[in-house]
Amino acid sequence: MAVSPNIVINRENSSAVFHFTANVAGVVVAGNNSVSNVAIEEEVITGVAITQAAYGSTPGAYWHVQRGSNTAIILDSTGFIDFAGIGMSINKDAAADISVTLIPPEGSAVPSKGFLVLEVQKQNARLEYLAD
């Protein structure tokens, strides 16, 4: 069963931070605040870029992050990656929904445990205009 995303920070016209501890399908990115999990107030989001990830999981398990039906990131073990800091934000399929799945070790009968924190940078027509 899918769980709603836990949004721990959501800055208007800037960024949002999600905290996951279970599988979540379809975090809606694009749209206004009536359809998007990311948009607040008067925002109309056109997409997001994944800028940072902090993660941990049961040994042998890994996080599978998708944008729509495409794999965006696979994260195993425990770590932190500042994609923006190294100039490599994950912006492929920026308008596509985000889904995360914690994959257990092969052959494991016991559910895996883990956490995933994703920071995303918002994209919208206003921000793109201001950047020019």
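Predicted model: local features only at pLDDT ≥ 70, side-chain atom pairs only at ≥ 80, totals over all residues.
Helices, of at least four residues, and strands, of at least two, are taken as DSSP runs and numbered from the N terminus. Along the sequence their order is β-β-β-β-β-β-β-β-β-β-β-α.

Along the principal axes, the C-alpha atoms occupy a box of roughly 50 × 35 × 25 Å. Among contacts with a separation of 6 or more, 65% involve residues 24 or more positions apart.

Burial was assigned with a cut-off of under 20% relative accessible area; by this criterion, 36% of the 132 residues are buried. The accessible surface amounts to about 7100 Å², and carbon and sulfur atoms contribute 54% of that area. As for charge, the protein carries 12 negative and 6 positive side chains. The centres of these two sets are 3 Å apart.

Strand β7, residues 62-67, and strand β8, residues 70-76, run antiparallel and are joined by six bridges. Within this pairing, H64 is placed opposite I74 of β8. The two strands form a hairpin with two residues between them. In this hairpin, G68 adopts a positive phi near 65 degrees.

How values were computed: Residues numbered from 1 in each chain as written. Heavy atoms only, no water. Buried < 20%, exposed > 50% of the residue type's maximum accessible area, 1.4 Å probe, protein only. Contact = heavy atoms within 4.5 Å. Areas by Shrake-Rupley, 256 points an atom, 1.4 Å probe, with all protein chains shown as cover. Lys, Arg positive; Asp, Glu negative; His and termini not counted. Charge placed at Lys NZ, Arg CZ, Asp CG, Glu CD. Pairing = 2+ DSSP bridges.
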